[in-house]
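Colleague: I am new to this structure. Please take me through the terms as they come up.

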Amino acid sequence: MKFRTRAIHLGFDPDPQTGAVVPPIHLATTFAQPAAGEWREFDYSRSGNPTRKAFENAIAALESGVGGLAFASGMAAIHCVTQLLQAGDHIVTGQDIYGGTFRLFHKIINRAGISVTMVPTNDLDAVEKAFQPNTRLLWLESPGNPLLTITDIVACAEIAHRHGVLVGVDSTFATPALTRPLELGADIVMHSATKYLGGHSDVLGGVLVVRDPELYQRLYFIQNATGAVMGPWESYLCHRGLRTLELRIREQCRSAMAIAQFLAGHPAVRRVYYPGLPDHPGHEIAARQMSGYFGAMVSFEVHGDIGTARKVVNSTRLFHLAVSLGAVESLIEQPALMSHASYDPEARRAHGISDTLIRLSIGLEDPEDLIADLQQALAQVA
Ligand SMILES: *Cc1c(COP(=O)(O)O)cnc(C)c1O
């Protein structure tokens with residue numbers, strides 16, 4: 001069956017006891033055992049919870065994996081992956097990655113003796129050259145953040161596997177409705193469920209899905225031992241979010257395309273970053289890797305300076321001025337002052353994040369209303 005049909009029905013069979021078409025939320029932290037030394041599927045909620053399991057199974061099926069692991073946040077999920085490594089190991093990652101991942105890699109796991117090299121992962125030679133004998137993980141993000149760089153997952157996975165390196169993909173911006181990295185050769189796919197999976201800015205969560213049962217067991221061991229699991233309420237909300245995921249993201253992508261085209265023709269705009277525009281360097285890879293859609297994130301630079309961009313983001317009325325993304329309401333932010341403020345200014349510049357960059361998360365409002373709002377905000381600086 002098609003993605004949307006499966007997304008609606010996975011884990012939502014009527015309850016055999018009551019006929020309820022929505023499963024109950026299991027709040028129990030502990031589960032009675034049949035006898036001492038005998039276990040059923042669940043014994044303690046950190047180790048496993050039926051509501052969390054239902055979400056994990058659903059996302060695993062949608063990502064074509066063997067198992068899912070749900071965490072308290074996206075960062076907890078990425079941190080779990082890094083715990084596969086040990087002192088002396090090395091990670092290769094992209095330059096256009098989530099600010100929190102940059103911080104985790106450079107300010108937390110470096111303390112454990114793990115080093116990181118950042119390369120433009122849309123440059124396959126640079127990826128290949130970055131591998132060292134101690135490289136254990138290639139961590140990709142496509143589309144990237146905040147420049148929407150497109151990385152060829154098939155090609156990168158092929159290079160990494162030739163070097164015996166594990167490939168993880170933060171697929172938060174793409175969602176399984178558009179890209180399924182495990183089908184493209186990745187070993188691990190990760191989502192900040194806080195974004196499109198939840199979809200309504202009301203739940204914090206993260207998830208990993210893998211295709212190798214042995215890797216699943218290793219990650220499960222770390223998750224259970226370190227404990228940053230997703231709670232039952234959050235699990236239910238994320239599971240429910242999957243049911244409308246494809247409808248939401250497709251409509252959001254359509255609006256994003258219209259908005260990117262509007263921005264590209266606006267005199268106050270210096271440059272638009274949207275993989276759906278034919279002049280985006282990753283356009284062709286995106287067209288085949290993202291099911292013909294291009295995501296619902298749009299970034300652009302305005303003419304002027306940091307103050308000009310600040311004026312624009314402060315002037316929208318419909319777009320909320322906020323970090324985060326992926327929900328039904330549209331958001332606007334200035335990476336230099338907000339999402340990527342944890343970068344040193346030099347690192348920001350080196351990664352192409354200019355002071356005048358503005359990032360939009362396109363929601364589900366009518367695109368005409370969104371364009372009108374941007375029009376009036378840009379008129380403040382034109
Ligand atoms: C938000 C986000 C994360 C981190 O997820 P949290 O749920 O905020 O911990 C990681 N990667 C990307 C691409 C994100 O957008």
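Modeller: A polar contact is a pair of N or O atoms within 3.5 Å; within protein, one must be able to donate a hydrogen and the other to accept it, and residues adjacent in sequence count only if both atoms are side-chain atoms. This is a predicted model, in which local features need pLDDT of at least 70 and side-chain atom pairs count only at pLDDT 80 or more, while totals for chains, interfaces and linings use all residues. Residues are numbered from 1 along each chain as its sequence is written, and side-chain values use heavy atoms, with hydrogens and water left out.

Colleague: What does the side chain of Arg 348 reach?

Modeller: The side chain of Arg 348 reaches the backbone oxygen of His 340 at 3.2 Å, and a polar atom of that side chain lies 3.4 Å from the backbone oxygen of Tyr 343.

Colleague: Why is Arg 348 called buried?

Modeller: Buried means under 20% relative accessible area, exposed over 50%, and partly exposed in between (1.4 Å probe, protein chains only). Arg 348 has 10%, so the word is buried. Its place is in helix H12 (residues 345-350); helices (H or I, at least four residues) and strands (E, at least two) are DSSP runs, numbered from the N terminus.

Colleague: Which class does Lys 195 fall into, buried or exposed?

Modeller: Lys 195 has 8% relative accessibility and therefore counts as buried. Lys 195 lies in the loop between strand E6 (188-192) and strand E7 (206-210). Contact means heavy atoms within 4.5 Å; leaving out residues up to four places away in sequence, Lys 195 touches Tyr 98, Thr 172, Ser 324, Leu 325 and Gly 326.

Colleague: What does the UniProt annotation say of Lys 195?

Modeller: The unreviewed UniProt entry has "modified residue: N6-(pyridoxal phosphate)lysine" covering Lys 195. Such annotations may be inferred rather than shown by experiment; positions are given in the numbering used here and feature names are shortened.

Colleague: What makes Asp 152 and Arg 288 a salt bridge?

Modeller: A salt bridge is a side-chain nitrogen of Lys or Arg within 4 Å of a carboxyl oxygen of Asp or Glu. For Asp 152 and Arg 288 the closest N and O atoms are 3.8 Å apart, and the pair forms a salt bridge. The two link distant parts of the chain, 136 residues apart, with Arg 288 in helix H10 (residues 283-289). Asp 152 is buried because its relative accessibility is 14%, whereas Arg 288, at 59%, counts as exposed.

Colleague: How many salt bridges does the rule give?

Modeller: The count comes to 13 salt bridges.
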